[in-house]
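This report goes through a protein model part by part. Please look over the sequence and the structure before reading on.

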Amino acid sequence: MYYLFFDIECSNCFGGQGKICSLGYVIADSRFNIVEQKDILVNPKSKFHLSRGDGEGIELGYEKSEFLKAPDFASLYLAFKKLLENPEMTVFGHSVNNDINFLLSECNRYKQPYFTFNAYDTQILHRHFMPDSVENGLGKICQSFEIPTENLHRSDYDAYLTMQVAKKICEIKQTDLEGLLHECPNAYYSVENGVVNNHYSTISYTKKLASYAKYVRPDPKYARKSDIVDKHFCFSTSFEKDRYKQALLLINFIRRKGGIYSQKISKLDYFLPFGSNCARSKNVMEVADGHIKVVTEEELLQLLGITTDLYEESKSWSLGRIKGYGIPKQRAVAKKSLAKEQNSQAKAD
């Protein structure tokens, strides 16, 4: 899995429209090792509203002449589109909603098709996980985290600092980026047909679980002795949402022991209800004619051979640890394939 952190600087925002003069980015792996860092300068074909020390205007990371020598947005459009819409990347920005709208306004100005991609906001992540902090700006947050700042307002460096903020929050919360995103659904934005939406919570947890189940293979060591080979399991949607980590652990054991995670009610052998009576639970109860066994969490744990201690402990694990539990040889392949699948599904949604 690779993460793309990006930042945009504008020459001005007159008329409520940002005129982009640079787009910088950092590409990193899941351990925050930098794979690529680049600052792309853009000729804004518009006036520079420079700061005069009164809090208004912008500060440039380069000489003005460097921007005027650069290609304009229309010339760089395809490069930006390829970068931001790459399905192999999970995109992050700080106050990313602003950067997305800068891109949309430039598409309007240059009569280019709108971008379609998803992105996550580190400002929202910081606000969620550091509720006692009053800071919102990237520079101030870096200071509060004691992250050195040297070249603020150079887009690639601001992108680098955005990555450092995400990394620091992961360290504090003792989780990975996937864990942060699961715990803070409001950080998700999508842009399609010129419309920006903040709707991470509408993405089905079932799709994520189904994607994970697809890449966990039966372990011959366990499947040979298993009583659940080819048996179909499913959970209520309330359980999948409220106990997502534990749902992952259950699927891990189901698949390794030769079972199948499925939403096809006609094929179900075991069903786990939970909490509110969701539509899936109602449908199961309506068609259940004795071939579907409705189980409690305790009964399912016993069936799968999961101890209560392990089940409870998994609540505090990172998503990466849960997904790789007991399958070290498959872990790297499974996580990479899962990331690709989830990005493709998120884009389709």
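Which residues of H2 are buried? The model in which this is asked is a predicted one.

## Helix H2

The buried residues of H2 are Phe73, Leu76, Tyr77, Phe80, Leu83 and Leu84. Around the axis they cover an arc of only 140°, which places them on the same side of H2. An α-helix has 3.6 residues a turn, so residues three or four places apart point the same way. Ser75, Leu78 and Lys82 lie on the other side of H2 and are exposed.

The cover over the buried residues of H2 includes strands E1 (2-10), E2 (20-29), E3 (34-41), E4 (89-93) and E5 (117-121), together with helix H3 (96-109). H2 itself spans residues 73-84 and has 12 residues. The C-alpha atoms at its ends are only 15 Å apart, short of the 16 Å that a straight helix would reach at 1.5 Å a residue.

Strand E4 is mostly covered, with 5 of its 5 residues buried. Met89, Val91 and Gly93 point one way from the strand, while Thr90 and Phe92 point the other way.

E4 pairs with E1 and with E5. The strands E1 and E4 run parallel and are joined by 4 bridges; Leu4 stands opposite Val91 in E4. The pairing of E4 with E5 is also in the parallel sense, over 3 bridges, and here Gly93 stands opposite Asp121 in E5.

## Nonpolar cores

The largest nonpolar core has 60 residues. Phe6, Phe73, Leu103, Phe117, Leu125 and Leu177 touch the most other members of this core. Helix H6 (residues 155-173) gives the most to it, with 8 residues. Phe73 is also one of the buried residues of H2.

Leaving aside residues up to four places away in sequence, Leu177 touches Tyr3, Phe5, Phe32, Phe92, Ala166 and Cys170. Another core, of 31 residues, lies apart from the largest one; among its members are Tyr212, Ala213, Leu250 and Ile327.

## Helix H8

How many of the 11 residues of helix H8 are buried? The count is 8, so this helix (residues 205-215) is largely enclosed by the rest of the structure. The buried residues in H8 are Tyr205, Thr206, Lys208, Leu209, Ser211, Tyr212, Ala213 and Tyr215. Of these, Tyr212 and Ala213 are among the members of the core of 31 residues.

## Tyr189 in strand E6

Tyr189 is found in strand E6 (residues 188-192). Its relative accessibility is 12%, and because buried means under 20%, Tyr189 counts as buried.

Apart from residues up to four places away in sequence, Tyr189 touches Val96, Asn97, Ile100, Phe117, Asn118, Ala119, Asp121, Ile124, Val196, Asn197 and Asn198. Tyr189 and Ile100 are 89 residues apart in sequence, with a C-alpha to C-alpha distance of 9.3 Å in space.

## An open sheet

An open sheet is formed by 4 strands in the order E9-E8-E10-E11, with parallel pairing. Its edge strands are E9 (260-261) and E11 (293-294), each of which pairs on one side only. Strand E10 (residues 270-272) and E11 run parallel and are joined by 2 bridges. In E11, Lys293 is the bridge partner of Tyr270.

## Salt bridges

The structure holds 10 salt bridges. One of them joins Lys323 to Glu178, with the closest N and O atoms 2.5 Å apart. This pair links distant parts of the chain, 145 residues apart: Lys323 is in helix H15 (residues 319-324) and Glu178 in helix H7 (residues 177-183). Lys323 is buried, with a relative accessible area of 4%, and Glu178 counts as buried at 14% relative accessibility.

In another salt bridge, between Glu85 and Lys81, the closest N and O atoms are 3.0 Å apart. Glu85 is buried, with a relative accessible area of 15%, whereas Lys81 counts as partly exposed at 23% relative accessibility. Lys69 forms a salt bridge with Glu66, where the closest N and O atoms are 3.2 Å apart. Lys69 counts as exposed at 63% relative accessibility, and Glu66 counts as partly exposed at 34%.

Key: Residues numbered from 1 in each chain as written. Predicted model: local features only at pLDDT ≥ 70, side-chain atom pairs only at ≥ 80, totals over all residues. Heavy atoms only, no water. Expected span 1.5 Å × (residues − 1). Buried < 20%, exposed > 50% of the residue type's maximum accessible area, 1.4 Å probe, protein only. Arc of directions from axis to C-beta. Contact = heavy atoms within 4.5 Å. Core = buried A, V, L, I, M, F, W, Y, C linked by side-chain atoms within 4.5 Å. Pairing = 2+ DSSP bridges. Salt bridge = Lys/Arg side-chain N within 4 Å of Asp/Glu carboxyl O.
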